[in-house]
Amino acid sequence: MNNPYSPYFQYNIPLPANQYSQNQQHPLSEDHQRILPPTQPERLRKSAEHTKTLLSDLVIVNETIRTSPEFSQRLVNAASQSDHQTVHYMINNLAIENRAVVSYTPGGISITLLPKDASNSCCYVVMFLNWKESF
């Protein structure tokens with residue numbers, strides 16, 4: 001192939017031959033469809049039901065940060081000092097029913113709410129709040 005747009009053009013390196021002849025179908029052709037597992041609308045409904053409690057907890061976390069300047073200041077200070085234990089404790093010590101996994105960057109905090117039952121992997125909700133205009 002002597003294509004001037006090919007990265008190999010200037011080096012004159014022979015390209016490998018196509019392993020499929022033009023008459024042979026590619027194994028992922030349109031004739032082959034993947035077999036997908038059956039849908040589970042009931043599981044979706046239960047996931048949505050569990051998400052209600054996660055969203056309630058998210059409101060508690062959001063309202064505490066929004067309405068308590070002292071809490072917000074302590075949270076930002078702990079994060080800026082890389083005190084992950086304190087940041088995690090502050091969020092999880094609020095009146096929430098579920099688990100919060102907290103991470104932060106120099107520009108903000110990410111709070112992921114998960115069902116309190118660790119074996120329940122039905123759903124999660126993530127909220128990111130920034131404390132710098134650009135990060």
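Biologist: Is the crossing in which α2 passes α3 left-handed or right-handed?
Modeller: The model is predicted: local features need pLDDT of at least 70 and side-chain atom pairs count only at pLDDT 80 or more, while totals for chains, interfaces and linings use all residues. Residues are numbered from 1 along each chain as its sequence is written, and side-chain values use heavy atoms, with hydrogens and water left out. Helices (H or I, at least four residues) and strands (E, at least two) are DSSP runs, numbered from the N terminus. A crossing is left-handed if the near helix is turned anticlockwise from the far one by less than a right angle, and right-handed if clockwise; α2 passes α3 in a crossing that is left-handed.

Biologist: How are the directions of α2 and α3 related?
Modeller: The axes are lines fitted to C-alpha atoms, for helices over the stretch in contact, and angles run from 0 to 180 degrees between N-to-C directions. For α2 and α3 the angle is about 150°, and the axes are 8 Å apart. Angles under 35 degrees count as roughly parallel, 65 to 115 as roughly perpendicular, over 145 as roughly antiparallel and the rest as oblique. The pair α2 and α3 is therefore roughly antiparallel.

Biologist: Which residues of α3 meet α2?
Modeller: Contact means heavy atoms within 4.5 Å. On the α2 side, Phe71, Arg74, Leu75, Ala78 and Ala79 take part. Their partners in α3 are Thr86, Val87, Met90 and Ile91.

Biologist: What is the phi of Ser82, in the loop between α2 and α3?
Modeller: Ser82 lies between α2 (69-80) and α3 (84-92), and its relative accessibility of 58% makes it exposed (over 50%; buried is under 20% and partly exposed in between, with a 1.4 Å probe and protein chains only). Most residues other than glycine have a negative phi. Ser82 is not a glycine, yet its phi is positive, at about 55°.

Biologist: How is α1 oriented relative to α2?
Modeller: Thr64, Ile65 and Thr67 in α1 meet Pro69, Phe71, Ser72 and Leu75 in α2. The two helices pack at an angle of about 100°, with their axes 5 Å apart. This angle makes the orientation of α1 to α2 roughly perpendicular.

Biologist: What distance does α1 reach from its first C-alpha to its last?
Modeller: The expected span of a helix is 1.5 Å times one less than its number of residues. With 27 residues, α1 has an expected span of 39 Å. The computed reach of α1 is close to this, at 38 Å.

Biologist: Against which elements do the buried residues of α1 pack?
Modeller: The buried residues of α1 are Ser47, Thr51, Leu54, Asp57, Leu58, Val61, Thr64 and Ile65. They pack against both helices and strands, namely α2, α3, β2 (108-114) and β3 (125-130).

Biologist: What separates the C-alpha atoms of Leu55 and Val126?
Modeller: Leu55 is located in helix α1 and is partly exposed, with a relative accessible area of 41%. Leu55 and Val126 are 71 residues apart along the chain. Their C-alpha atoms are separated by 9.8 Å.

Biologist: With which residue does Glu42 form a salt bridge?
Modeller: A salt bridge is a side-chain nitrogen of Lys or Arg within 4 Å of a carboxyl oxygen of Asp or Glu, and the structure holds two of them. The closest N and O atoms are 2.8 Å apart, and the partner of Glu42 is Arg45.

Biologist: How far apart are the closest N and O atoms of Glu63 and Arg66?
Modeller: Glu63 and Arg66 both lie in α1, three residues apart, about one turn of the helix. Glu63 counts as partly exposed at 30% relative accessibility, whereas Arg66 counts as exposed at 57%. In the salt bridge between Glu63 and Arg66, the closest N and O atoms are apart by 2.6 Å.

Biologist: Which residues does Ser110 touch, not counting residues up to four places away in sequence?
Modeller: Ser110 lies in strand β2. With a relative accessible area of 15%, Ser110 is buried. The residues touched by Ser110 are Val101, Val102, Ser103, Val126, Met127 and Phe128.

Biologist: In what order do the elements of the protein chain run from the N terminus on?
Modeller: The protein chain has three helices and three strands. Of its 135 residues, 28% count as buried. From the N terminus on, the order is α-α-α-β-β-β.
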